[in-house]
Amino acid sequence: MSISLGSAQVSAVQHDFAIIGAGPAGSACANALLLEGASSVALIDRARFPRDKICGDGIGPGIIAILDALELRHILVGHRRVTQMVMTSPFGGRMTLNDNEISGQSPLGYVIRRTEFDHALVAAAVQRGCADMTGWSLEAADYVNGKWRLDLEATDNSETRSITADVLIGADGATSRVRRLLGQPFNHEKHVSVSMRILARTEPEFPARQELNVEQELPIPGYAWNFATGAGTVNVGFVCDTPTYKAHGRHLREILETYKGLLPHNFAYDDTTRHSQILPLASQMPPLAYPDVSAALIGDAASMINPLTGEGIFYGMEAGLQLGRRLARAPKSHEGRAQALVAYERTFRRQFTAHFRGNYYLRKLIEKPALFDRMLRAGARDTDLCCDCIEYMMGNESGVGKKPLYQLALRTLFA
């Protein structure tokens, strides 16, 4: 079997695994492979790190557990744990969770800029022996005679080089070239969200709080956020699905300006940090494993983004951890790795399919703000229900929230 994006005939260095994309999913996979004993891993990304990434800059307990599994918990040293999460509805409903009110395991995480977080993950992989090919873009690829041949180009000086790899892992984001190479179309617009964020300075420093707002002045279903990132900065943004965005006929920049006008704080916004992005939602995931050609997709490249919250770091890192472990432990043969790829997809889907489906239904709930308002008011009266709702929405545990959606619905009705 042969798959091709076109190739150049030059000498190539051989690797066991080539990962395209060095974000959290790709870097987690690289670290998992190396930690499990893999000795030849190439981590490829067109960007050089550190680099900025559009995100809310919050990470939940599920990511903390993954960092523990990768022996990288030290990355969080010096960063603040979130002490409060707030959600509001257009009808005045407000659900506030304070860390000192939580009796069990907290669904609250940390705030850490992606510039720093992603760089730390890449640096850890390189320190463990990963071939650092950040600053190189994938230009062409062939799968011939059981190996991938990848032609790369340096993004700063157009230098070219080629490598070969036994296994290709696509972690190259929402517009994944590897996904296209594997014959998978991008999500239909019904399963895509759009977002925009901007950073602001605050003085005095803003509390370690994450706030999510559904507002009548903004497109619904959709929500806005303001997250304190530490070091005197706040991350402010908005996200909604593409059909809603198109139906409202408003530019993302104007929507963000409207939200900024609703905030009670006088933030000093940095216009150079205002950026938008698309989010392929997990309500339409492509196949994850391609055993015939020794390839797999993880992270945004595989549409592993929560249909309700737009969060994708946890799912991408969990996929990278699972895939890296299975591949590193598999026999070094095409058959052995093919079995590992199939097992990765089967396990990931078993863990997350119902969770993604449930959050897709919860997104429908926001279309009816009165129901969302009721959920928030119920959570405000019951801290345990509040924790369970946040847990379900964020998928903080490895494998998701422990309470079934129907139980949360019943508790909301009778709270």
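## Cysteines

A disulfide here is a pair of cysteine sulfur atoms within 2.5 Å. By that cut-off, a search of the whole structure turns up 0 disulfides. Cys389 is in no disulfide, and its nearest cysteine sulfur, that of Cys386, sits 7.0 Å away. Cys389 is also buried, at 6% relative accessible area, where buried means under 20%, exposed over 50% and partly exposed in between (1.4 Å probe, protein chains only). Cys240 is buried too, with a relative accessible area of 2%.

A word on the ground rules: this is a predicted model, in which local features need pLDDT of at least 70, side-chain atom pairs count only at pLDDT 80 or more, and totals for chains, interfaces and linings use all residues. Residues are numbered from 1 along each chain as its sequence is written, and side-chain values use heavy atoms, with hydrogens and water left out.

On a 1 Å grid over the protein atoms alone, a cavity is a set of points where a 1.4 Å probe fits but cannot get out, and lining residues have an atom within 4 Å of a point. Points are joined across faces, edges and corners, and a volume is the space filled by probe spheres set on them. The count is 2 cavities of 30 Å³ or more.

The largest cavity has a volume of about 150 Å³. Its lining has 15 residues, with Met87, Leu308, Ile366, Phe372 and Met393 nearest the centre. Two or more residues each come from strand S5 (84–88), strand S13 (209–213), H8, H9 and H10, and H8 gives the most, with 3. Helices (H or I, at least four residues) and strands (E, at least two) are DSSP runs, numbered from the N terminus. By class, this lining has 12 nonpolar, 3 polar and no charged residues.

The second largest cavity holds about 110 Å³ of space. Of its 15 lining residues, the closest to the centre are Gly222, Cys240, Pro307, Leu308 and Arg363. S15 (233–241) gives the most to this lining, with 3 residues. The lining has 8 nonpolar, 5 polar and 2 charged residues.

## An open pocket

A pocket is an open set with protein on both sides within 12 Å along at least five of seven lines. Helix H11 (405–414) gives the most, with 5 residues. The lining divides into 12 nonpolar, 1 polar and 1 charged; Ala, Val, Leu, Ile, Met, Phe, Trp, Tyr, Cys and Pro count as nonpolar, Asp, Glu, Lys and Arg as charged, and the others, Gly among them, as polar.
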